[in-house]
Amino acid sequence: MPALPREFYDRDTTLVARELLGKLLVHRLGDETRIGRIVETEAYLGPHDLAAHSARGLTERTRVMFGPPGHAYVYLIYGMHHCFNVVTQAEGHASAVLIRALEPVQSLSLRAQGPGLLCKAMAIDRSHNGVDLCGASLYITAEQNPPPLRIVRRPRIGVDYAGVWARRLLRFYIARNPHVSKP
DNA sequence: TTACAGATAGAA
DNA sequence: TCTATCTGTAAC
């Protein structure tokens, strides 16, 4: 199964967030390959989106978010948890899709519901910040025979401070999937 | 130098 | 269901 091409990420962020559902996140480690099905995502639409990191402008941390699409943006939250994002749209758009939950497929012994647990289960940390997802070690691929999905749209989590942006329906998840962090 | 980010684990 | 915790980041 080949990795999704960079063109997949170089599109409308909301569209990418929706199409990422049901895809497989693959991380090749030394002697094992960890795979999880993406069941929950959130779209962050760039500098004008007050809920996005890029709203404060280009900083050391958000640099890769402003970079070209198809790269991993991994940041540390509360100094304890990692969050895994995928950069979307053309360089400078500073848009990204946050992967919030996975359904274990292979070598995932830990729960992966919630952005922090997801990174723990997939062994993703800040060393993966800026990694090219079109590469061979960490990438996203499509299933052979993807089942039909019922997709639910909801407001994003933890962005109450973002005014009108907090009400936008930019969170997507697979309906009735038990691995979604909050149904 | 210091306030803040909002998810997680564990207690109640 | 509620609360303590934890530290890198960026504004001060």
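**Talking through a predicted model**

Trainee: Which glycine just after H2 takes a positive phi?

Mentor: That is glycine 22, with a phi of about 90°. Keep in mind that this is a predicted model.

Trainee: Let's stay with H2, then. Which residues of helix H2 are buried?

Mentor: In H2, which covers residues 13-20, the buried ones are Thr13, Val16, Ala17 and Leu20. The word "buried" is used because each has 20 or more other C-beta atoms within 10 Å of its own.

Trainee: How do you know on which side of H2 they lie?

Mentor: They are on the same side of H2, because they cover an arc of only 100° around the axis. Here is the general idea: an α-helix has 3.6 residues a turn, so residues three or four places apart point the same way.

Trainee: What covers the buried residues of H2?

Mentor: The cover includes helix H1 (6-9), strand S2 (33-44), strand S4 (81-88), S5 and strand S8 (171-174).

Trainee: What makes chain A as compact as a globular protein of its length?

Mentor: Start with the parts: chain A has three helices and eight strands. For 183 residues the globule rule gives 16 Å, and the radius of gyration of chain A is 15 Å, close to that value, so the chain is as compact as a globular protein of that length. Its C-alpha trace spans about 40 × 35 × 35 Å along the principal axes, and 42% of its residues count as buried.

Trainee: Which residues have the most contacts inside the largest nonpolar core?

Mentor: Val97 and Leu118 do, in a core of 49 residues. Strand S5, residues 95-106, gives the most to this core, with six residues.

Trainee: What is leucine 118 in contact with, leaving aside its neighbours within four places in sequence?

Mentor: Its partners are Phe84, Ile99, Ala101, Leu102 and Ala112. We call these contacts because the C-beta atoms of each pair lie within 7 Å.

Trainee: Now the DNA. How many charged residues does the surface near DNA strand B have?

Mentor: That surface has no charged residues, but six nonpolar and six polar ones. Helix H3, residues 115-122, gives the most to it, with three residues.

Trainee: And what is the division by class near DNA strand C?

Mentor: There we find three nonpolar, three polar and three charged residues.

Notes. Residues are numbered from 1 along each chain as its sequence is written. Chains are lettered from A and ligands numbered from 1 in the order in which they are written. This is a predicted model: local features need pLDDT of at least 70, side-chain atom pairs count only at pLDDT 80 or more; totals for chains, interfaces and linings use all residues. A nonpolar core is a set of buried Ala, Val, Leu, Ile, Met, Phe, Trp, Tyr and Cys residues joined through C-beta atoms within 7 Å. A residue is buried if 20 or more other C-beta atoms lie within 10 Å of its own, exposed if 12 or fewer, and partly exposed in between; C-beta atoms are placed from the backbone. Helices (H or I, at least four residues) and strands (E, at least two) are DSSP runs, numbered from the N terminus. Two residues are in contact if their C-beta atoms, placed from the backbone, lie within 7 Å. Ala, Val, Leu, Ile, Met, Phe, Trp, Tyr, Cys and Pro count as nonpolar, Asp, Glu, Lys and Arg as charged, and the others, Gly among them, as polar. The radius of gyration is taken over C-alpha atoms; the globule rule is 2.2 Å times the number of residues to the power 0.38. The arc is that of the directions from the helix axis to the C-beta atoms.
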